Amino acid sequence: MRYSDPIRIAYNSLVAAKLRFFLTVLGIVIGVAAVIMVMGIGASAQGLVLSQVKKVGSDLIGILPGASEEEGAPASALGIVTTTFKNDDLKALRERRSVPHFTAISGYVTGSATIESARESESVSFQGVSPEMIEVENIQVAEGRFFFPEEESNLSRVIVLGSTRAAELFPDRSAVGETVRFKDIPFKVVGVLEERGSTAFSNPDTLVYVPLETAQKLLLGIDYLNFARGKVDDVAHIDQTIADVEELLRKRHDLEDDEESDFSVRSTAAALDVLTSITDVLKYFLMAIASLSLLVGGIGIMNSMLISVSQRIREIGLRKAVGARPKHIIRQFLIESAFITCLGGILGIILGIGLTFVASIIIKALGYEWEFLVPLISLALGFGVSLVIGIVFGIYPAIKASRVTTMEALRYE
Amino acid sequence: MTLITAKNLSKIYDNEGVKTQALADASFSIEKGEFVAIMGPSGSGKSTLMQILGLLDRPTGGTYFLKDKDVSKMTDDELAQMRNSEIGFVFQAFNLLPRTTVFENVELPLLYDEHPIKDTKERVMEALRAVNLEHRAFYYSNQLSGGEKQRAAIARALVNDPAIIFADEPTGNLDSKSGLQVMLILQALNESGATIILVTHETDTAEHAKRIIRMLDGRIVSDELVANRQFANSKGELTK
């Protein structure tokens, strides 16, 4: 027997039952394409989330009121309001002798209110921030200016708009210098920020910003901070700075050694690790689900091959009569199922890459900074698993075929 | 040269405890170049005997030597190898692969030869020439008439140059004219030296052979030369 003979025999048998062949291949194509799509889109989504966090800066430290477990979410993130983090804490954190490696730190309060221009009235989310916020978050001012240092605490009625919000409120002219009514209080627009791009969960370009105490006293009626963010002069000083912040705040809050902190300090780097592990779990979970479709495809192969064996029982009998040994028959049927999965695997890879590409175009069109990714491992996994499935699910039908009794097979009607 | 030596061959089928004796005490020998018909009504054991002689089944008793080899001691793989090199089969129902060309059907035994064959094409065409079917080589098997199908099946039986050709009711599915053409081919092959064993229940067909072994209820009841041999001519007519 020549090496090419079994392949030719398998090919002839498969094309003889075109529709069944096509449907079986389709099962594998869908399975492989699903694995590739899920892995590709999963990797891109993970990249998006992580890049958003990285954009904020890996040299940032967040200080949130409320205690937390080392690995868990901070209390404030769970909607628990803690009022122990005050403006005086912020002032203390700014002092170089207690926290030497902060280059800038901003307090934050958040809320929402109605903003009105001459033409528009919209409900918006706002942040009350320190003038250092643009340095901390690395934002540029597109037009006008950001807040002066003294405006943080002198209740100035000045407002800075995100780029999208400015364009909505003042579509036909520059917003700078205009007056808006914010929670029925007139505010002067002093600046417009440059476009920052939407993130996975929010669009900062629709935010508006007011000075910290203006927001606390005029808009919210509170005397505490929702959180603070500080920028460290060097990534190498992050751990030191976290320790400095903890020491300072514990002292200021009169905490005993055995008392739990009423705040938590997190670095973006740590947040990245947590996010990476969460998104990894999601990615693998989705991959497992996609792999199920490969398994279904494999069962399809087994079903199709079993039908094939029973339909071709006379053929098997004849082949054995003219000298085929069980190993020839097994080989023939295994090649057929391997052929189905190879073809399905190749087509599935092409389809998977194509669909992932189409998805990336759509997501980009929606305004996300999406990267088109096809992890090499997904190709290897999709193709390899489908080939293994083809052989594993092809073995039983092949052995069954090889055990056909020649005479019975030849008489089979 | 003695090709087949059968001594006291017997076959008992055991179907869930129910034992049926299909063949008992069959002893005979067949020389190279013979044309033997095994004849008998349904259930006489002629098909069982052919299956054993054709190495498709094993006897439950007795000994069977094919070309001086004791085949009852061979493994399944060795039997497959013997079938491939020493035996050609022609079946009543032709058993050609559908949606496959005549050429590929005839080529089939060569694919399972232990040693790769280089002159496959020549050998297939030669076999087709012997049954006068060269012009149909690249037709699909289902495009052929019944007689042509059986000739293609004979070409397949010839292609590996076997020691014996077994023909199991080869005219059973054919009209009388096509049947006679098939018998003419078998006779011509026998004239050129092939050993042929024909299984049939029809006296007319059996009388094309040189020797008839008659069977009844699993036993050989007679074994004699044909006195009045029938011959077919190329027009599909009988000439005695």
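The stops below go from chain A to chain B, and each one starts with something to select.

**Before you click**

What you have on screen is a predicted model, where local features need pLDDT of at least 70, side-chain atom pairs count only at pLDDT 80 or more, and totals for chains, interfaces and linings use all residues. Residues are numbered from 1 along each chain as its sequence is written, while chains are lettered from A and ligands numbered from 1 in the order in which they are written.

**Stop 1: chain A**

Select chain A and colour it by secondary structure: you'll find twelve helices and ten strands. Helices (H or I, at least four residues) and strands (E, at least two) are DSSP runs, numbered from the N terminus. Of its 413 residues, 39% count as buried. Buried means 20 or more other C-beta atoms within 10 Å of the residue's own, exposed means 12 or fewer, and partly exposed lies in between, with C-beta atoms placed from the backbone.

Now think about contacts: two residues are in contact if their C-beta atoms, placed from the backbone, lie within 7 Å. Among the chain A contacts between residues at least 6 apart in sequence, 81% join residues at least 24 apart.

Next, pick strand S5 (residues 158-161) of chain A. Strands pair here if DSSP finds at least two bridges between them. Four bridges tie S5(A) to strand S7 (residues 185-193) of chain A, and the two run parallel; look for A:Leu161 opposite A:Val192. S5(A) also has two bridges to strand S8 (residues 208-211) of chain A, this time antiparallel, with A:Val160 standing opposite A:Tyr209.

**Stop 2: where the chains touch**

Show both chains. The contact takes 19 residues from chain B and 18 residues from chain A. On chain B's side, H2 and H3 are the elements that give two or more residues, and the largest share, five residues, comes from H2(B).

**Stop 3: helix H3 of chain B**

Select residues 102-111 of chain B. Is this helix mostly covered or mostly open? H3(B) is mostly covered, since ten of its ten residues are buried. Among them are B:Val102, B:Asn105 and B:Leu111. The cover includes helix H1 (4-16) of chain A, along with helices H2 (76-86), H4 (120-130) and H5 (146-158) of chain B.

The axes of H3(B) and H4(B) come within 10 Å and cross at roughly 115°. Axes are lines fitted to C-alpha atoms, for helices over the stretch in contact, and angles run from 0 to 180 degrees between N-to-C directions. Ala, Val, Leu, Ile, Met, Phe, Trp, Tyr, Cys and Pro count as nonpolar, Asp, Glu, Lys and Arg as charged, and the others, Gly among them, as polar.

**Stop 4: H5 and H6 of chain B**

Among the residues making the contact are B:Gly146 and B:Ile154 of H5(B), and B:Ser178 and B:Ile185 of H6(B). They divide into three nonpolar, five polar and one charged.

**Stop 5: the strands of chain B**

Six strands form an open sheet in the order S6-S7-S8-S3-S9-S10 (chain B), with mixed pairing. Strands S6 (87-90) and S10 (219-225) stand at the edges with a single partner strand each, so one side of each is left without a neighbour in the sheet. B:Ala37 has B:Ile212 as its bridge partner.

Now find S1 (residues 2-15) and S2 (residues 18-31) of chain B, an antiparallel pair joined by ten bridges. S1(B) and S2(B) form a hairpin with two residues between them, and B:Glu16 in the turn has a positive phi of about 50°.

**Last stop: B:Asn233**

Click B:Asn233, in the loop between strands S11 (231-232) and S12 (238-239) of chain B. Buried or exposed? B:Asn233 is exposed, with 11 other C-beta atoms within 10 Å.
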